[in-house]
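These are my notebook entries on a predicted model. I set down here what I looked up, entry by entry.

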Amino acid sequence: MMRKFWANLSDLAENRWRPVPLKGAENVLAMIINAEDEEGQPPGTSIVIATTVWVLTSPRRVFDFLNNEGTRNRYIDLQWDILTYGHHVRETGYIDNGCDHGNQVSILEVKSTEDQIVVILLQEIYTTLTGSYVTFAPVEASTLDMILNGGSPENLPILPSGFSILPDGPKGNEGSTGSLVTMAFQILDTASSATYISPDSVATTFKLVMETAECIKAAMLNPLNLGT
């Protein structure tokens, strides 16, 4: 999943990033992915929108905040996940994915107030001295069962979204006083095509990424988050 996330963000020739023609979108780029026959992508057209923000917080603190399922729903003042607003998010299992205790793949269950499953998220987190990453994607229950029963996840059709968290200077994750947080969201978009991005889709995803960025910046300044 993380490889797919970075393939979307990479400055490759096939990644045709376009500026977003909206007020306040000077640092936001959008891209269309048409994946009718591409392995590892759900069939259809999806839109990817990305931006980078600076926060006066160490990368480790930002990483710990974003990968904690509680900050998706537990405290209204600290919630960053717009898409799970009003729902309860719970980690139902995880697998370690490296030497650091913070490197793992998790299953997150999103439930409504009526205790009904709204969506299941697969989340992969990874941290090193030079950078940290939090990626996630919605998955079908049947697909998840296939993986848990030994199936290969290599060509799993998912739409990864997530965050890259880098120090703003040479001190590294632990010593840096600030962080550069790049966020990207990929969403299926039936209104767009390989050559056309729907203005409504651009406006919706732009609002999503900007509200998420504001939530993260506000949470990093909130005294309730000092212990995260």
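Entry 1, salt bridges. I counted seven salt bridges in the predicted model.

I looked up D64 and found it in a salt bridge with R60, with the closest N and O atoms 3.3 Å apart. Both belong to helix α2 (residues 59-66), and because D64 and R60 are four residues apart there, about one helical turn separates them. I noted D64 as partly exposed, at a relative accessible area of 25%. R60 is buried, at 15%, since buried means under 20%.

I then turned to helix α5 (residues 199-221). The side chains of E214 and K217 form a salt bridge there, 3.1 Å from N to O. The two are three residues apart, so they too are separated by about one helical turn. E214 is partly exposed at 45% relative accessibility, and K217 is partly exposed at 28%.

I also found that salt bridges with shared partners join R90, E109, K111 and D115 into one network. Within it, E109 and R90 meet at 3.3 Å, N to O. This pair links distant parts of the chain, with E109 in strand β5 (residues 104-111) and R90 in strand β4 (residues 88-96), 19 residues apart. E109 counts as buried at 16%, whereas R90 is partly exposed at 40%.

Which residues of helix α1 (residues 2-9) are buried? I listed M2, K4, F5, N8 and L9. They lie on the same side of α1, because their arc around the axis is only 160°. I found them packed against several strands, including β2 (28-34), β3 (45-55) and β9.

I located a nonpolar patch of about 390 Å², made by W54, L56, L166 and L180. L180 lies in strand β9 (residues 179-188) and is partly exposed at 35% relative accessibility.

Note on methods. Residues are numbered from 1 along each chain as its sequence is written. This is a predicted model: local features need pLDDT of at least 70, side-chain atom pairs count only at pLDDT 80 or more; totals for chains, interfaces and linings use all residues. Side-chain values use heavy atoms; hydrogens and water are left out. Patches are made of residues with over 30% relative accessible area and no salt bridge: like charges are joined within 9 Å, nonpolar side chains (Val, Leu, Ile, Met, Phe, Trp, Tyr) within 5 Å. Accessible areas come from the Shrake-Rupley method with a 1.4 Å probe; for residues, only the protein chains shown count as cover. A salt bridge is a side-chain nitrogen of Lys or Arg within 4 Å of a carboxyl oxygen of Asp or Glu. Buried means under 20% relative accessible area, exposed over 50%, partly exposed in between (1.4 Å probe, protein chains only). The arc is that of the directions from the helix axis to the C-beta atoms. Contact means heavy atoms within 4.5 Å.
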